[in-house]
Amino acid sequence: MKILILNGPNLNLQGHRDTDIYGTQTFEEYLESLRSRYPQDEIELVQSNVEGELINALHASVGVYDGVVMNAGGYTHTSVAIRDAIAAISTPVVEVHISSILAREEFRHVSMLAPVCRGSIMGFGLDSYRLGIEALKK
């Protein structure tokens, strides 16, 4: 299986930003553990702080990836454009979040993306990504 992990704004700071919420492990460290856990699968990472680049990656996923595990960061709550891109492609997308967006500030409680994703996983730390991969594999 070929899987794209698509990370949005500020996720390049994983392990350094708000460590009380997101933990101290960097995403690169975690990615290596995912690749070790799933040696039969090809797992690629794209991270961007730019909304349009995330949309381009979603469009480019069609016919290349079997699924996308996406953490859109703050765009989760604001981006109609990313929502429309997910709705427009045939590649299944699983939305993930490191923290539970429902346990955070009220403005984070609504996901613009959830209704057009295959499913949403949140609140399990970085393990949310593994659970997203497992959801795609089923």
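View 1. The largest pocket has a volume of about 200 Å³, where a pocket is an open set of points on a 1 Å grid over the protein atoms alone, with protein on both sides within 12 Å along at least five of seven lines, and its lining residues have an atom within 4 Å of a point. The volume is the space filled by probe spheres set on the points, with grid points joined across faces, edges and corners. The lining holds 15 residues, and Tyr22, Gly73, Gly74, Arg104 and Arg108 are the closest to the centre of the pocket. By class, this lining divides into five nonpolar, seven polar and three charged residues, with Ala, Val, Leu, Ile, Met, Phe, Trp, Tyr, Cys and Pro counted as nonpolar, Asp, Glu, Lys and Arg as charged, and the others, Gly among them, as polar. This is a predicted model, in which local features need pLDDT of at least 70 and side-chain atom pairs count only at pLDDT 80 or more, whereas totals for chains, interfaces and linings use all residues. Residues are numbered from 1 along each chain as its sequence is written, and side-chain values use heavy atoms, with hydrogens and water left out.

**View 2. The largest nonpolar core.** A nonpolar core is a set of buried Ala, Val, Leu, Ile, Met, Phe, Trp, Tyr and Cys residues joined through side-chain atoms within 4.5 Å, and buried means under 20% relative accessible area, exposed over 50% and partly exposed in between (1.4 Å probe, protein chains only). The largest such core has 19 residues, of which Ile5, Phe27, Leu34, Ile43, Val69, Tyr129 and Ile133 touch the most other members. At least two residues each come from β1 (2-7), α2 (27-37), β4 (93-97) and α5 (127-137), where helices (H or I, at least four residues) and strands (E, at least two) are DSSP runs numbered from the N terminus. The largest share, four residues, comes from α2. Apart from this core lies another, of 18 residues, among them Ile55, Ala57, Tyr75 and Ile86.

**View 3. Helix α5 and its cover.** Within α5, Ser128, Tyr129, Arg130, Gly132, Ile133 and Leu136 are buried. The elements that cover the buried residues of α5 include β1, α2, β2, β3 (67-71), β4 and β5 (119-122), a contact being heavy atoms within 4.5 Å.

**View 4. Salt bridges between and within elements.** The count comes to six salt bridges, each a side-chain nitrogen of Lys or Arg within 4 Å of a carboxyl oxygen of Asp or Glu. Glu42 pairs with Lys2, with the closest N and O atoms 3.8 Å apart; Glu42 lies in strand β2 (residues 42-47) and Lys2 in strand β1, so this pair ties together parts that are 40 residues apart in sequence. Asp41 and Lys137 meet at 2.6 Å, N to O, and because Asp41 lies in the loop between α2 and β2 and Lys137 in helix α5, they tie together parts that are 96 residues apart in sequence. Asp41 is buried, with a relative accessible area of 10%, while Lys137 is partly exposed at 32%. Arg130 and Asp127 form a salt bridge at 2.8 Å, N to O, and, three residues apart in helix α5, are separated by about one helical turn. Salt bridges that share partners also join Lys2, Glu42 and Glu44 into one network.

Methods: On a 1 Å grid over the protein atoms alone, a cavity is a set of points where a 1.4 Å probe fits but cannot get out, and a pocket is an open set with protein on both sides within 12 Å along at least five of seven lines; lining residues have an atom within 4 Å of a point.
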